[in-house]
Amino acid sequence: MSTAVKVPISALPLPPSTHILPQNLTPDPHTPSPTAFRSIQKERPSIQRRARLLASPAHYSHVSPCPIAFPFKIVPEEGETVEDQSALVERWLSQREALHERPNAPSPVQSVLKKYYPEEGKRDQHLELIGLSETGLRDCVPHLNVGNAFDSLGGPTLASAFEDEDRRPASVEDIAVRQELIEVLSGHATLINVDEGSDISWAPWSLRYSGHQFGVWAGQLGDGRAISILATPHPDDAEQIVELQLKGAGRTPFSRSADGLAVVRSSIREFLCGEALHALGIPTTRSLSLISLPATPVIRESTESACVLTRMAPSFIRIGNFEALNPPANMYFFGGGQQDGDWDALRVLGEWVGRRVLKLKNIKWRGEDGAEDGNPWGKTLVLEVARRNAKMVAGWQAYGFMHGVINTDNVSILGLTIDYGPYAFMDVFDKYHICNHTDGEGRYSYQAQPSMIVYALRSLLTSLAPLIGAEAELGKAVSPGWADEASKEKMDEWRKKGLELAKEEMEILTQETCGVEYGRLMRRRLALRRTDKDDESRLSRPMLNILSDHKLDFHSTFRRLAYFRPSMVQPSEKEALETFISSLLTLTPDPERLERGRAVEDWKKWLNVYASRIESERDEWTRANGGTDVDAEREKATKAANPRFVLRQWLLEEVIKAVERDSDSGKRILRKVLQMACNPFEPWGAEDMPDDTELDVETKEERRYCGMGERRMLGFQCSCSS
């Protein structure tokens, strides 16, 4: 656990300038610096809120959070005569910009950043903290003081029977720290530094990117409702930068015709799943906070209320950031337009990502230690991104997670699960399942996910192929202006060479890495100690076929295998085996359709193979555990790899409705569900007590939350609307 001094959010230390994205990438010419951005906020704030194409070299634009209803209702004040409509728009927006300084919360260290608010009365709105992640806080920003924020949420409970007997009285300082946290993470207050004497200037930003959506080129996309407000070094490792990003923070230049907002429903889903996937060991962005803006309407299929999620990652750069700088030529598409490519901007982005984000090894960077030339890095970058995303998607497949929208702009350079939309965890196993009801063709179905990651990686390679080809010819890293004098024929030659050098190797690496990681995770789920080359053909795949054929629940079945003993397949244990198989067959939502005789025979055949494999490892278990009870150790290992609690669709819908119905009790339920999601392998609901008559109300609710839920919600599909 970190022993760093805890400070309010306004006093979090900033990284050195070499590690700050806006100080190393190319800004939007309209907002070339935080100082210039302040002038924009005062005089021409519409530049931030108006959808527009950025200049070709630009990687990002400075923009401040402003989560207000859209379309904006801009009307003159009472008695005001309007002669210049554009001046009215700028004045109206400027009044809602964070331009007015207020003191920071008390801190044990001096803050570099200053805190600014909108004009009094112009953007006043109720801000309610409804979620705060203890694990996200612990892992990513352990030096952040949140005051009495957790006390304000109330104790975690599903049954509303929790009494906050131990809540200590809050100090004035704790309240001030909590209030500042809420105001900053809701987008109401903004942290900025434009002091001329300071080493580091600072202002929030949104990234420009493009991408393929459902296989179709979409042109410029970008952070249409996401704004990065802070970055801070982890107190235990100064090279590990944690970026804090608000999702649903209002319009940016990339919002197109959208409002830049997010609703409570989708925000709760992402808040929970970021932490749930981390608990399962799957790479992901992390969640910090969830702040409701109940008086801010958001129009979706119906009118909902706004919510701002704070998520964290070392970087939010995606494959689409590279695609934006080398877009497909002569591509007809529906979208907001697309700039011409910019070869030098591609180089700048690649150098930054390779050196500071991926931290590629064994690369001497151009300019490092005074060196004029550097090592080629383009191909190495593509292969590293492939390796990371292959491991990520293997985790998805092994744990039955379906993302739903694997567009190239939703694929992280770091191999993190990002942009949670209509995701789902597998209920009854169906490899063809589609979790997104707008995905009519099943492009992003469960079984297609590894192929879609390969598709995204090919898009990354296509973007970097000319640079890779040029580096191969030069024998060193490309330099500024590397393509300025190159003819179209030369660029085509480099592109072809780059694809030849990297495409096959990238695809083989992706497939092999995914296969090895998937095999490792499936062996872990089956509590196998040894790696046999036929594990998938003899055990994993046949078991999944049984689940599919007999419509059995994916996660519950794996968890139930913890109670299997290889001795059950012996003739003398016939009754025990039949009892165990009967318990497996209860894990179907359609018992009346179950072909029981065939299912029993299928399980007997598989369990005999499984028992034989377990017995062949008994000596390895004995050596590893000092001769203790092997079956007990296997049970423990199985439970440690197979979640008792799964973030199912029915459960998410129930939590969302509880928060929307009554936030006071709803946020306690949300806190308890987050606690369960962060500890999914615990025996929630007194798992080993068959009889529930003696259980208290809270434990009974835990047990219900670990169940499959109503049959009508199994395989429930969500939309992309959020």
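The side chains of Asp532 and Arg613 meet in a salt bridge, 3.4 Å from N to O; a salt bridge here is a side-chain nitrogen of Lys or Arg within 4 Å of a carboxyl oxygen of Asp or Glu. Asp532 lies in the loop between α12 and α13 and Arg613 in helix α16, so the pair ties together parts that are 81 residues apart in sequence. This is a predicted model, in which local features need pLDDT of at least 70, side-chain atom pairs count only at pLDDT 80 or more, and totals for chains, interfaces and linings use all residues. Residues are numbered from 1 along each chain as its sequence is written, and side-chain values use heavy atoms, with hydrogens and water left out.

- Asp532 is partly exposed, with a relative accessible area of 22%, whereas Arg613 is buried at 7%.
- Buried means under 20% relative accessible area, exposed means over 50%, and partly exposed is in between (1.4 Å probe, protein chains only).
- Asp532 and Arg613 belong to a network of salt bridges that also links Arg523, Arg530, Asp535, Glu617 and Glu620.
- Helices (H or I, at least four residues) and strands (E, at least two) are DSSP runs, numbered from the N terminus.
- Glu620 is partly exposed, with a relative accessible area of 22%.
- Arg530 is partly exposed, with a relative accessible area of 24%.

**Other charged residues**

- The structure holds 58 salt bridges.
- One of them joins Glu180 and Lys115, whose closest N and O atoms are 2.9 Å apart.
- Glu180 lies in helix α6 (residues 172-185) and Lys115 in strand β3 (residues 114-117), so the bridge ties together parts that are 65 residues apart in sequence.
- Glu180 is buried, at 1% relative accessible area.
- Lys115 is buried too, at 4%.
- Side chains of opposite charge can pair when their charged atoms come close.
- Asp590 is in the loop between α15 (574-585) and α16 (596-616).
- Asp590 is buried, with a relative accessible area of 12%.
- Asp590 touches Lys551 and Arg711, leaving aside residues up to four places away in sequence; contact means heavy atoms within 4.5 Å.

**Backbone exceptions**

- Most residues other than glycine have a negative phi, and most peptide bonds are trans.
- Ala527 has a positive phi, near 55°, and is not a glycine.
- Ala527 is found in the loop between α12 and α13, and counts as buried at 4% relative accessibility.
- Asp419 also has a positive phi, about 60°, without being a glycine.
- Asp419 is in the loop between β13 (401-402) and β14 (424-425), and at 13% relative accessibility counts as buried.
- Phe70 and Pro71 are joined by a cis peptide bond, with omega about 5°.
- Pro71 lies in the loop between β1 (60-62) and α3 (85-95).

**Helix α20**

- Helix α20 (residues 663-678) has 16 residues and reaches 21 Å from its first C-alpha to its last.
- That reach is close to the 22 Å expected at 1.5 Å a residue; the expected span is 1.5 Å times one less than the number of residues.
- α20 is mostly covered, with 13 of its 16 residues buried.
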